[in-house]
Amino acid sequence: MRKRRQWLKRLLGTAIFAAVAIAVVMAMLPQPVTVEFVPIKRGRMEVAIRDDGQTRVRERYVVSTPIAGQLQRVNLKVGDEVRQGETVIARILPAVPNFLNPREQARAEAAIKAAERRLSRVQTDVRAAIDALEQARIDYERYKHLRKSDAATDAQLEQAHLTFLKQTELVNSARFQEDVVKFELEQEKAALIHMTRENFDANTDSIFEIRSPVNGRVLKLVQESAAVLTPGMPIIDVGNPFELEVVADILSTDAVKMRPGQSTRFVHWGGPQNLPGVVRLIEPSGFTKISALGVEEQRVNVIFDLLGSPSEYSVLGDGYRVEVEVVVWEGENELLIPTSALFRSGKDWAAFTVSNGKAVLRRIQIGQDNGVTAQVLGGLEEGDIVISHPGDNVQDGVAVRPATS
């Protein structure tokens, strides 16, 4: 009995010693590294340029005085509605007429001739814009017909639609310029008549009235109080605050990737949904701007048109902030990898894949990159598992296991 107890004690001690030894050995063995597994999939990808922009009235008109005289106090306020040819913008009591001054009379006659030449040029632009709009309409109708028979792509149809909308805006802009130049011509002719009147007095009959050249609202009062003005001095800014465009100063390295007609989104403007737009103009001249970090940057102004119904952005006004997103590349059914899985290995891009529970270093070729995902051109296949955010403890051949959520 005694021997049996001794034997049991020895067996128990041996078991405890073996368990401790196994635990020590297991603790000394390398443990699998916990990492995040991400499968490689196919999907849609786009690359967009993002920057801050600002709304502004598309057709802004600065009303100035064509004659010298005493401006009476302007009764309009910012936001007041004005009607073309009806609303009196300003009243001016002309100075003593210069009908005996050949130089002033010659200047007024030259201004009339210049306005007539501008009107002729603008009318030519209107006719050209109307012709271009008709061609855009024909192209759009043709692409709609071709799309029904699968002879054209959705991208071609969308581009034709954007061109049609763009040409519509150009026609509206050209007609606005025509109305403005007509108004300027009428003002110059009226100014010449006042300057050459022989029977001049200071009564109300001699007051020269300047009426609104466009339908819209008062945007800015440059000169509200009574004052003596000389020809060409600004008085008031008018325009239609519901006809807006967006201007954004874009880095020149990004602006070279843009083209007129590219689709645009306006985000984070305060409304419930994104607003569609299109690139209208990339200005040919850049400028230097100091960033918030004190770095000199070369930037270019890019002008965008808002598409869709004005009721969607009716709460926007002149000088409001928006965020611009211009899609410069997009692809369907692309093999995608998260950029968090990419790193440099020498001169190549690389990522860790997972095979049989171990990390495998794989050099890959990537194409487009939008900062979140990248286009895979070679080195990986759909269904491969890659490691996102690999740390320094992840090396080629190291055992890995997925992190539990």
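Colleague: What makes β1 and β21 count as paired strands, and which way do they run?

Modeller: In this predicted model, 3 bridges join β1 (residues 33-39) to β21 (residues 400-402), and the two run parallel. Two strands pair if there are at least two bridges between them, so they are called a pair. Within this pair, valine 35 stands opposite proline 402 in β21.

Colleague: In what sense does β1 pair with β20?

Modeller: β1 and β20 (residues 385-388) pair in the antiparallel sense, over 4 bridges. You can find one of these positions yourself: glutamate 36 has serine 388 in β20 as its bridge partner.

Colleague: How do you know that β5 and β8 are paired?

Modeller: Let's set the count against the cut-off. β5 and β8 (residues 216-221) share 2 bridges in the antiparallel sense. For an example, look at glutamate 81, whose bridge partner in β8 is arginine 217.

Colleague: And how many bridges join β8 to β10?

Modeller: There are 4 bridges between β8 and β10 (residues 234-239), and these strands run antiparallel. Leucine 221 has isoleucine 236 as its bridge partner in β10.

Colleague: Which sheet do these strands belong to, and in what order do they come?

Modeller: They are part of an open sheet of 4 strands, in the order β3-β10-β8-β5, with antiparallel pairing. β3 (60-64) and β5 (81-82) are at its edges, each with a single partner strand, so one side of each has no neighbour in the sheet.

Colleague: Why are β7 and β9 called edge strands?

Modeller: Start with the order: β7-β6-β4-β9 is an open sheet of 4 strands with antiparallel pairing. β7 (208-211) and β9 (227-229) each have a single partner strand, so one side of each is left without a neighbour in the sheet. The twist in this sheet averages 35 degrees from one strand to the next.

Colleague: What makes β4 a partner of β9?

Modeller: β4 (residues 69-71) and β9 pair in the antiparallel sense over 3 bridges. The cut-off is at least two, so they count as a pair. Here glutamine 70 has valine 228 as its bridge partner in β9.

Colleague: How many helices and strands does the whole protein have?

Modeller: The secondary structure comes to 4 helices and 21 strands.

Colleague: What share of the residues is called buried, and what does the word require?

Modeller: Of the 405 residues, 36% count as buried.

Colleague: Which residues lie nearest the centre of the largest pocket, and what is its volume?

Modeller: The largest pocket has a volume of about 410 Å³. Its lining has 23 residues, of which Arg58, Glu169, Asn172, Asn240 and Glu243 lie nearest the centre. Helix α3 (residues 154-195) gives the most to this lining, with 7 residues.

Technical notes
Residues are numbered from 1 along each chain as its sequence is written. This is a predicted model: local features need pLDDT of at least 70, side-chain atom pairs count only at pLDDT 80 or more; totals for chains, interfaces and linings use all residues. Side-chain values use heavy atoms; hydrogens and water are left out. Buried means under 20% relative accessible area, exposed over 50%, partly exposed in between (1.4 Å probe, protein chains only). Axes are lines fitted to C-alpha atoms, for helices over the stretch in contact, and angles run from 0 to 180 degrees between N-to-C directions. On a 1 Å grid over the protein atoms alone, a cavity is a set of points where a 1.4 Å probe fits but cannot get out, and a pocket is an open set with protein on both sides within 12 Å along at least five of seven lines; lining residues have an atom within 4 Å of a point. Grid points are joined across faces, edges and corners, and a volume is the space filled by probe spheres set on the points.
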